[in-house]
Amino acid sequence: MLSLVRTHPFQSGRGPLSPGSRAGLGAALALLAIVSSVELADGRPAHYIALMVAAPFLAAALASWRVVLGVGVVATAVGAAFALCDWSISLVNGVNVAGIALGTGIAAAVAAVRQRQAEQIAELSKLAAVAQQAVLRPLGPQVGTLSVAGRYISSTATAEIGGDLYEAIDTPYGVRMIIGDVRGKGLEAVRLASIVLGSYRHVAYERADLRAVVADLDRAVARSVGDEDFVTAALVEERGGTLTIVNCGHPPPLLLRRGAVIPLEPPAPAPPLGFMPVVRPRVERLEPGDRLLLFTDGLGEARRDGEFFPTADRAWRLLGHGTVADGLASLETALVEWVHGRLDDDIALVLMEYTGSRGGSDAPVPSWEVGAAES
């Protein structure tokens, strides 16, 4: 998805040339050498001086304006030398040399505009990286009793973040995680994802019951979107080896246990956030070494030639080795290879491994038991 030749903004001063400037300079000098060789082989009078104006324009495609100006000066000088070899400068040769000089000025101006645009794009890329760190903070490697890793795979090379979201935090009620997918794309999806994550990072510490967390998030989404917008989400809580999952219209997490892959379907379907979901928790008892994969629907929809990526069939082989970060790296590699580098949607991935309970008699009961006791 990346171009073979990157153009980097040229740094002013006397520092080394950027790769783009070196490539542009080399191509321009090669063109000048070819035209000069043809001119020498053809003999007098000069016929190909005008072709040298292409050298500064060729350099302008990649190099800085200073390099373009230097190439243009060389091209003008070489053209003038060939014109002088005729002993008397004809009107045609004079116009050709003047055209090279004029073309050099135009090419340098084009290179300067391109350079400013490249610097602006680089600055925007830095801002996007900062925004990504603010919205999707790095996960792990350890959150409570869990080893956790997160990964965001963008469907476009020019964007690093979209409407997919995830978070994992250690709260008084256990380690809590969320993964979600905002309907739509673009800046509006990023805005809603940031709202959901901001609300979650607050209420996850305040609400003992995951159902109350869902209700708070639903109200936050409803206040921020239109009638047709929504957010699918799965919320997970681990406390004392008990795993509690509530699902709001999201793909079910996959539990990896002793070579088996178990989809953790909810007891009853519930609509996404924004449509007042009434969720029923699913509860599982974890064993040391269990791994849980949370993902957005971009993974389930990834396909080539109409064939979907076999996530469940390959999950254990890809995710069951090494650290959780190693597992996600293997999954991403296999996925990108499957789709030949072309993804239709962003993908958020979270992989956690249960390493065992901390033990102790003062551990609060899981939130689903608290909620049951309060109801």
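Trainee: Is the crossing in which H8 passes H9 left-handed or right-handed?
Mentor: In this predicted model, local features need pLDDT of at least 70 and side-chain atom pairs count only at pLDDT 80 or more, while totals for chains, interfaces and linings use all residues. Residues are numbered from 1 along each chain as its sequence is written, and side-chain values use heavy atoms, with hydrogens and water left out. With the near helix turned from the far one by less than a right angle, anticlockwise counts as left-handed and clockwise as right-handed; the crossing of H8 past H9 is right-handed.

Trainee: How are H8 and H9 oriented to each other?
Mentor: H8 covers residues 311-319, and its axis lies 8 Å from that of H9, with the two packing at an angle of about 135°. Axes are lines fitted to C-alpha atoms over the stretch in contact, and angles run from 0 to 180 degrees between N-to-C directions. Under 35 degrees counts as roughly parallel, over 145 as roughly antiparallel, 65 to 115 as roughly perpendicular and the rest as oblique, and H8 and H9 are therefore oblique.

Trainee: Within what arc do the buried residues of H9 fall?
Mentor: The buried residues of H9 (under 20% relative accessible area, with exposed over 50% and partly exposed in between, 1.4 Å probe, protein chains only) are Val 324, Gly 327, Leu 328, Leu 331, Ala 334, Leu 335 and Trp 338. Seen down the axis of H9, they line one face of the helix because they fall within an arc, taken from the directions to the C-beta atoms, of 130°.

Trainee: Which exposed residues does H9 carry on the face turned away from its buried side?
Mentor: H9 spans residues 324-338 and reaches 21 Å from its first C-alpha to its last, close to the 21 Å expected at 1.5 Å a residue, the expectation being 1.5 Å times one less than the number of residues. Its face turned away from the buried side carries the exposed residues Thr 333 and Glu 337.

Trainee: How many helices and strands does the protein have?
Mentor: Buried residues make up 45% of the 375 residues in the protein. Counting DSSP runs of H or I of at least four residues as helices and of E of at least two as strands, numbered from the N terminus, the secondary structure comes to 10 helices and 13 strands.
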